[in-house]
Amino acid sequence: PGRPCPCRPPWEGSTHPAGHDDRRMAQAIAHYKATHLRCEWPNCPRIADHVDHITPLAEGGDRYDPANMQSLCEPHHTTKTTADALRGKTRAR
């Protein structure tokens with residue numbers, strides 16, 4: 001009781017509104033991914049699977065600014081998203 005279930009990913013239940021459902025966000029992601037094909041994690045040679053915000057929206061990151069986006073492969077996206085989510089669990093609300 002009072003603890004997250006270990007069988008669920010830590011980022012489940014994101015609190016930011018709309019996700020990537022709005023048209024402007026979808027267009028921004030598509031444009032960024034088309035121009036940044038490889039994972040931008042240091043020394044990673046993989047093809048990017050995701051476009052992620054460098055500064056999470058919950059921490060004040062700009063939703064549509066390409067300077068706040070990065071292309072990541074699946075393993076690095078999971079690593080970054082998990083770290084963001086765990087940091088968010090201790091952030092003052």
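**Close-up views of a predicted four-element protein model**

**Figure 1. Helix H1 and its packing partners.** The buried residues of H1 pack against E1 and E2. The model shown here and in the following views is predicted. These buried residues of H1 are Met25, Ala28, Ile29 and Tyr32. Seen down the axis of H1, they fall within an arc of 95°, so they line one face of the helix. An α-helix has 3.6 residues a turn, so residues three or four places apart point the same way. On the other side of H1, the exposed residues are Arg23, Gln27, His31 and Ala34. H1 consists of 13 residues and reaches 19 Å from its first C-alpha to its last, close to the 18 Å expected at 1.5 Å a residue.

**Figure 2. The whole protein and its order of elements.** The protein contains two helices and two strands. Read from the N terminus on, these elements run α-β-β-α. The protein has 93 residues, of which 29% count as buried. Among the contacts with a separation of 6 or more, 57% join residues 24 or more positions apart.

**Figure 3. The largest nonpolar core.** Six residues make up the largest nonpolar core: Met25, Ala28, Ile29, Tyr32, Val51 and Met69. Helix H1 (residues 23-35) provides the largest share of this core, four residues.

**Figure 4. Arginine 63 in the loop between the strands.** Arginine 63 belongs to the loop between E1 and E2. With a relative accessibility of 14%, arginine 63 counts as buried. The C-alpha atoms of arginine 63 and alanine 28 are separated by 9.3 Å, although the two residues are 35 residues apart along the chain. Alanine 28 is itself one of the buried residues of H1.

**Figure 5. Helix H2 and its buried face.** Helix H2 (residues 74-90) has 17 residues and reaches 25 Å from its first C-alpha to its last, close to the 24 Å expected at 1.5 Å a residue. The residues buried in H2 are His76, His77, Lys80, Thr81, Asp84, Ala85 and Gly88. Viewed down the axis of H2, these residues fall within an arc of 160°, so they line one face of the helix. Strand E1 (50-53) and strand E2 (69-72) are included in what covers them.

**Figure 6. Histidine 76 and its surroundings.** Histidine 76 is part of helix H2. Its relative accessibility is 15%, so histidine 76 counts as buried. Apart from neighbours within four places in sequence, histidine 76 is in contact with Cys39, Trp41, Cys44 and Arg46. Two of these residues, Cys39 and Cys44, are examined in the next view.

Figure 7. Cysteine 39 counts as buried at 6% relative accessibility, and cysteine 44 counts as buried at 11%. The closest cysteine sulfur to that of cysteine 39 is in cysteine 44, at 3.7 Å; a disulfide requires sulfur atoms within 2.5 Å, so the pair is too far apart for a bond. A search of the whole structure accordingly lists zero disulfides.

Figure 8. Cysteine 73 is located in the loop between E2 and H2. This cysteine is buried, with a relative accessible area of 0%. Leaving aside neighbours within four places in sequence, cysteine 73 is in contact with Cys39, Cys44, Arg46, Ile47, Ala48, Asp49 and His50. The C-alpha atoms of cysteine 73 and cysteine 44 are separated by 8.5 Å, while the residues are 29 residues apart along the chain.

**Figure 9. Asparagine 43 in the loop between H1 and E1.** Asparagine 43 is found in the loop between H1 and E1. Asparagine 43 is not a glycine, yet it has a positive phi of about 65°. With a relative accessible area of 81%, asparagine 43 is exposed, whereas cysteine 44 counts as buried.

Technical notes
Residues are numbered from 1 along each chain as its sequence is written. This is a predicted model: local features need pLDDT of at least 70, side-chain atom pairs count only at pLDDT 80 or more; totals for chains, interfaces and linings use all residues. Side-chain values use heavy atoms; hydrogens and water are left out. The expected span of a helix is 1.5 Å times one less than its number of residues. Buried means under 20% relative accessible area, exposed over 50%, partly exposed in between (1.4 Å probe, protein chains only). The arc is that of the directions from the helix axis to the C-beta atoms. Contact means heavy atoms within 4.5 Å. A nonpolar core is a set of buried Ala, Val, Leu, Ile, Met, Phe, Trp, Tyr and Cys residues joined through side-chain atoms within 4.5 Å.
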